[in-house]
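The report below describes a structural model with attention to its confidence, its chain contact and its nonpolar core. Please read it alongside the sequence and coordinates.

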Amino acid sequence: MARFLGPLLVSPALIIILLLFMLPLAASVIGAFEVEGAYGLGNFTKAYDFYTQDIVFTAVIVGLSALLTGLLAIAIGGYLTLGENPTAVAILRWLYRWPMFIPFIVVGQILRTFLAKSGLLNSTLIALGLIDPLSATSYLDWRGVVIAFVWKQTPFVALMVAGAMASLDRGTIEAARNLGASRLRILVEIIVPQVTTTLLVGLVLSFVTMMGVLSVPLMINAQAPTMITADIAFRLSTYRDYGVANALGLISLAISGVAAWFYLRVNMRQSR
Amino acid sequence: MSAVLAAPRDYSSLRNLLWWLPRAVILGALAFVIFGPLFNMLVWTVAERWYFPHTLPIDYGFSYWGRVFAPRGNALQSLVASISIALFTVAGSLALAIPAGYALARLKLPLRGLVLLAFLLPQAFPNLPVYVNIARLFYEIGLNGTVLGVVLVHVTHGLVYAVWIASAAFSAVDRDLELAARNLGASGLKAFADVTLPLAAPGLMASAIFVFLESLDEFTGSYFVGAPDVTTLPLLLYSAGAGGNYQIASITALLLLVPSIAFMLVVEKFLRADVLAKVGQ
């Protein structure tokens, strides 16, 4: 009896995941190859013909966002670990987490107003004399998408990285400090190599999240080229074309797969 | 003598003072980047008229607030829809996650690692292709455009947090306390209800809040499964913004923000370090 209790208690939750996640996922893979009742690559040739530019755009945007997120997370984690002024460290610790709990749909809305031609960013830069009022432009294109992704994802990755950095052995850091190494050198040569795994886990999770976000590209970058997610939504709302939508979905899964593969490769090399 | 000793200290405090220049510039820029967009949203909520090239609104007022909270307005309806969907989602997720989390933490389970991994899957793939096909499936069985359909989608998404946090919360409960209750004659179920469950309650509360917020903020799944029949706050925000009504969109954004920020400020009270350390183990 006790042997069956565990599986019995887990099964309702597992069934939900099976029916409402794995089944639709399988349907999306199969649907990608379905062309008018038969199987073939027709959806992919169509996706290639119409959306190559958007596929490349998506990969570049998400890759660039992940790279910037990683750099900022290292900078924040590094200062939280090595900062010598307790007040400045405390301010940064309080400050950096805010965007983490703000939903993407709200991020899209508030950055749409902030980055607009007459938004607060431009008016502040003009007031500070950093840009000339006539050359003020809207940032609501690929830059806006990158800014939105980095804005939202950096706290999450920084939290993970800072946690990993805090649990490192202080001895090596102190020793390097006593030998006269600069803090930047300690960060790059001693700390970052030891937290690479955590950093990559955070970045792969962020990458996958960004690949699936629909609201930000719809709200910030409603022009060509746009992201795959927006194309999928358009394909369905305008043509009810599940075939091409699923082909595009599979392509976005494949791009995420490349990111996960990259992570596994780095991880394997490290453990060797 | 004392002047000689004081000199290096003065020098170092001067150095510290000078270091505050770059620190203040960088921290100030960071604060602007983080709070600037939020402030911009707040200004929009009270702007009556505001267009290019005006730096600030031309008129201020609360007329859009009146419109949002009008008794038969869209917004109040979506607020009620959003909150009821989130509450149903929490109830559903916890009903599934408490037994599953307990089994994962305490009972013998074949392929335990694989089961934990299965609950992580919805986080490991971009969700959009999955939602598209759930919508197609739901369309065939008449669940598309219903509250139940949206709740089911949110429960699936929320199970990741619910199961992992519930399992961690049960793992963090001292097993000896359960054994002591059993030794004193309590049945297994009674020991669970009187000892384990109350001790795991803060962790379960955290997972409930997490699931509530995820459901409240969820856009993509609701967009494919719910719209246009079920309108949640995120869907209202999207359509108001798409229609150029930034006031309604900003007020809706603010309504969505308040619970999220409140959660951020209290999360550490619910999610203690000993529970966090057990997540995913």
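## Confidence and conventions

Chain B has a mean pLDDT of 83, and 90% of its residues reach 70 or more, pLDDT being the predictor's confidence in each residue on a scale from 0 to 100. This is a predicted model, in which local features need pLDDT of at least 70 and side-chain atom pairs count only at pLDDT 80 or more, while totals for chains, interfaces and linings use all residues. Residues are numbered from 1 along each chain as its sequence is written, and chains are lettered from A and ligands numbered from 1 in the order in which they are written.

The model scores are ipTM 0.85 and pTM 0.86. Where pLDDT is low, the predicted coordinates should not be read in detail.

## Architecture of chain A

Chain A holds 12 helices and two strands, where helices (H or I, at least four residues) and strands (E, at least two) are DSSP runs numbered from the N terminus. The C-alpha trace of chain A spans about 70 × 70 × 35 Å along its principal axes. Of the 272 residues in chain A, 45% are buried, a residue being buried if 20 or more other C-beta atoms lie within 10 Å of its own, with C-beta atoms placed from the backbone. Among contacts in chain A between residues at least 6 apart in sequence, 76% join residues at least 24 apart.

## Contact between the chains

The contact takes 66 residues from chain B and 61 residues from chain A. On the side of chain B that touches chain A, α1(B) gives the most, with 12 residues. By class, that side of chain B has 51 nonpolar, 11 polar and four charged residues; Ala, Val, Leu, Ile, Met, Phe, Trp, Tyr, Cys and Pro count as nonpolar, Asp, Glu, Lys and Arg as charged, and the others, Gly among them, as polar.

## The largest nonpolar core

A nonpolar core is a set of buried Ala, Val, Leu, Ile, Met, Phe, Trp, Tyr and Cys residues joined through C-beta atoms within 7 Å. The largest one has 156 residues, of which Val161(A), Ala97(B), Leu159(B) and Val163(B) touch the most other members. Helix α6 (residues 147-171) of chain B gives the most to this core, with 16 residues. Domain 1 (2-63) and domain 2 (71-276) of chain B both give residues to this core, so the core lies between them; the domain bounds come from an automatic or database domain assignment.

Leaving aside neighbours within four places in sequence, Val161(A) is in contact with residues including Ala73(A), Ile74(A), Val195(A) and Leu199(A).

Technical notes:
A residue is buried if 20 or more other C-beta atoms lie within 10 Å of its own, exposed if 12 or fewer, and partly exposed in between; C-beta atoms are placed from the backbone. Two residues are in contact if their C-beta atoms, placed from the backbone, lie within 7 Å.
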